[in-house]
Amino acid sequence: MATNPGFAEVRFKGTRKDYFTYAGNELAPGHHVVVEADRGEDLGTVSALGAIAQRKCGSSGSCATPVPEKRILRHARPDEVGRLSSLRRDEERVLGETRKLVGKHSLKMKVTEAEWQFDRNKLMIYFTAERRVDFRGLVRDLARGFRTRIELRQIGVRDEAALLGGVGRCGRELCCSTWLPELKPVSLQLAKDQRLSLNPAQISGCCGRLMCCLMYEHRAYVEARRRFPREGKKLKTSRGGERVVAVDIWRSLVTLRDDEGMRRIVPLSALKEEVSARTEEGHGVP
């Protein structure tokens, strides 16, 4: 009796990952596997299986079809895992030679990372550039020197930070290079909603773009602020008309200023009681 193939997420070097089908139930996260690749085979590590892998594939938009076309072929042997380690060491040599060729061709591009496919049938080289680069001559020299198919892949500065890693302002390793599954757009509105300084030096990460962690607490800020009156709004309180100057969502405090410029800070609960009492008085409620 035929059974539906399993669904697996497999990670490779850096943040690269892909989705595959497999037969049998002997796989588990952390297993090294050999998978079908473009014109050959590659070796990676299983990072998710079943429904979890399917959800991750769907949320990331990585799955062009409901069922991946490529398959996991088998478990990797210990000697193959060791050979992958030697390929990783050789990529340092590849980087050095590639950068020399970039200088030879006077190309305005920064070579970030290199990655051998496990069977050496393809060599991927990642780079950043401010503008479009004509690297056809470079590709010919690379193919001649490394005797394999070359793929030059341009990436953004955020992807570069994820590949290279580093330490953030918080003193911990970058989220994008450790656990963050996808790099999603981060807008300046997130910093505005959280009343953060808009100084780029204070809200930007190592990549020079807005920090990904601005997204983590954004919903909590937005929901908390719904309980408060907006800044600039004039309220009728026990002291007459007062305007909201600032709010402190963590201590539930509101700063008010009257028409004479006098300020006071009141708890949100007390302010609501004052406003409610003045509203009832205005409607003639005894």
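Arg-71 is partly exposed, because its relative accessibility is 43%, where partly exposed denotes the range between buried (under 20% relative accessible area) and exposed (over 50%), computed with a 1.4 Å probe on protein chains only. The model is a predicted one, in which local features require pLDDT of at least 70 and side-chain atom pairs count only at pLDDT 80 or more, while totals for chains, interfaces and linings use all residues. Residues are numbered from 1 along each chain as its sequence is written, and side-chain values use heavy atoms, with hydrogens and water left out.

Arg-71 forms a salt bridge with Glu-36, with 2.8 Å between the closest N and O atoms; a salt bridge is here a side-chain nitrogen of Lys or Arg within 4 Å of a carboxyl oxygen of Asp or Glu. Arg-71 lies in the loop between helix 1 (50–60) and strand 5 (72–75) and Glu-36 in strand 3 (residues 32–37), so the pair ties together parts 35 residues apart in sequence. Helices (H or I, at least four residues) and strands (E, at least two) are DSSP runs numbered from the N terminus. Glu-36 is likewise partly exposed, with a relative accessible area of 23%.

The structure holds 28 salt bridges. One of them joins the side chains of Asp-42 and Arg-16, at 2.9 Å from N to O. Asp-42 belongs to strand 4 (residues 40–49) and Arg-16 to the loop between strand 1 (6–11) and strand 2 (17–22), so this pair ties together parts that are 26 residues apart in sequence. Both Asp-42 and Arg-16 are buried. A further salt bridge links the side chains of Asp-79 and Arg-77, with an N to O distance of 3.2 Å. Asp-79 counts as partly exposed at 46% relative accessibility, and Arg-77 counts as partly exposed at 41%. Through shared partners, salt bridges join Lys-13, Arg-16, Asp-42, Arg-88, Glu-91, Glu-113 and Glu-115 into one network. Side chains of opposite charge can pair when their charged atoms come close.

An open sheet of 3 strands has the order 6-7-8 and mixed pairing, two strands being paired if DSSP finds at least two bridges between them. Its edge strands, each pairing on one side only, are strand 6 (110–116) and strand 8 (149–154). From one strand to the next, the twist averages 20 degrees. Strand 6 pairs with strand 7 (residues 122–128) in the antiparallel sense over 6 bridges. Val-111 has Phe-127 in strand 7 as its bridge partner. Helix 3 (residues 136–146) packs on the sheet and touches strand 6, strand 7 and strand 8, its direction making about 135 degrees with that of strand 8. Contact means heavy atoms within 4.5 Å; axes are lines fitted to C-alpha atoms, for helices over the stretch in contact, and angles run from 0 to 180 degrees between N-to-C directions. Helix 4 (residues 157–164) lies across strand 6 and strand 7 and runs at about 50 degrees to strand 6.

The largest nonpolar core has 24 residues, of which Met-109, Leu-123, Ile-125, Leu-138 and Leu-142 touch the most other members. Such a core is a set of buried Ala, Val, Leu, Ile, Met, Phe, Trp, Tyr and Cys residues joined through side-chain atoms within 4.5 Å. Helix 2 (78–104), strand 6, strand 7, helix 3 and strand 8 each supply at least two residues of this core, and helix 2 gives the most, with 6 residues. Apart from this core lies another, of 12 residues, among them Phe-228, Val-254, Leu-256 and Leu-268.

Ile-125 lies in strand 7 and counts as buried because its relative accessibility is 0%. Neighbours within four places in sequence aside, Ile-125 is in contact with Thr-98, Val-111, Glu-113, Ala-114, Leu-142, Glu-151, Leu-152 and Arg-153. The C-alpha atoms of Ile-125 and Glu-91, 34 residues apart along the chain, are separated by 9.7 Å.

The structure holds 0 disulfides, a disulfide being a pair of cysteine sulfur atoms within 2.5 Å. For Cys-175, the closest cysteine sulfur is that of Cys-213, at 6.3 Å, too far for a bond. Cys-175 counts as partly exposed at 25% relative accessibility. The sulfur of Cys-206 is 7.4 Å from the closest cysteine sulfur, in Cys-207, also too far for a bond. Cys-206 is exposed, with a relative accessible area of 55%.
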